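Me: I would like to learn how to read the features of a model. Please take them one at a time, with the general idea before the case.

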Amino acid sequence: MRILIVEDIPQILRVVRQGLEEEGFAVDTAIDADEADVKCRTTSYDVIILDRMIPKVDDAMTLLRKWRASGITTHVLMLTAKTQIQDKVAGLDSGADDYLTKPFEFAELLARIRALVRRTHQQKDPILRCYDLEIDTAARTVRRSGQVIHLTPREYALLEFLAFHRGKVVTRSMIWEHLYDEYDENTSNVVDVYIRYLRNKVDKNFEPPLILTRWGEGYMLRAEDDPPAAQKKAE
């Protein structure tokens, strides 16, 4: 998942960015309202972490209201040092999807981000299932037929992205836009490399294969109504 952090305090920005990257998120940053506005309008983010007090705007709620008025629906988690109930109400009423006061525990920030991502895909259960594959989005663990599948953070992010779009083709550009940040120097063919890594871990020695290629289109995770080839022949 790709996240934009809007924060002008270097220490906080560095810690949050590093923590999210270690969890496998692609992270972009902005230090003022102008930079945040440009990135928000030109990039498809899964979640925006928006500090309430940032340079070049009187209050980040003003910026957020502009985003909502122009039709930008990206989930926004607002950060603030203000703890009064009326401040939280104002933030939520301005269009924020969640509100977290400083100081905060990083584990809570992660949990709130995961909840917002699930909300995007209308997925309330933290466990994503596909045949005998189980993806625990809270623990970020994967099992198939009860067997633990060990994935790197980038491999997990790719599998989770496919699972959230299960039964639908996702293009290479979609994967690239959501799994790689603005600082990544890889080329787009790295997507094919990671698909191969995933297949070696998730599909090898298991039936049916779950990661499918749609030639000329992209990749998809098998849908429930897409039976294995052997079953189709039997029918």
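Me: What is the mean pLDDT of the chain?
Reply: pLDDT is the predictor's confidence in each residue, from 0 to 100. Here the chain has a mean pLDDT of 90, with 94% of its residues at 70 or more. This is a predicted model, where local features need pLDDT of at least 70, side-chain atom pairs count only at pLDDT 80 or more, and totals for chains, interfaces and linings use all residues. Residues are numbered from 1 along each chain as its sequence is written, and side-chain values use heavy atoms, with hydrogens and water left out.

Me: Where does pLDDT stay under 50?
Reply: That stretch is residues 230-235. A contact means heavy atoms within 4.5 Å. For residues 230-235 the model has two contacts beyond four places in sequence.

Me: How many disulfides does the rule count?
Reply: A disulfide is a covalent bond between the sulfur atoms of two cysteines. The rule asks for a pair of cysteine sulfur atoms within 2.5 Å. In this structure the count is zero.

Me: Is Cys-40 buried or exposed?
Reply: Buried means under 20% relative accessible area, exposed means over 50%, and partly exposed lies in between (1.4 Å probe, protein chains only). Cys-40 has a relative accessible area of 6%, so this residue is buried. Cys-130, at 2% relative accessibility, also counts as buried.

Me: How many salt bridges are there?
Reply: A salt bridge is a side-chain nitrogen of Lys or Arg within 4 Å of a carboxyl oxygen of Asp or Glu. By this rule there are 21 salt bridges. One of them joins the side chains of Arg-140 and Glu-23, at 3.5 Å from N to O.

Me: Which parts does the pair of Arg-140 and Glu-23 tie together?
Reply: Helices (H or I, at least four residues) and strands (E, at least two) are DSSP runs, numbered from the N terminus. Arg-140 is in the loop between strand 7 (133-136) and strand 8 (141-144), while Glu-23 is in the loop between helix 1 (10-22) and strand 2 (26-30), so the pair ties together parts 117 residues apart in sequence. Arg-140 is buried at 18% relative accessibility, whereas Glu-23 is partly exposed at 26%.

Me: Are Arg-52 and Asp-59 buried or exposed?
Reply: Both are buried. The side chains of Arg-52 and Asp-59 form a salt bridge of 3.0 Å, N to O.

Me: What distance separates the closest N and O atoms of Asp-125 and Arg-129?
Reply: In this salt bridge they are 3.1 Å apart. Asp-125 is partly exposed at 33% relative accessibility, and Arg-129 is partly exposed at 46%. Elsewhere, salt bridges with shared partners join Glu-7, Asp-51 and Lys-102 into one network.
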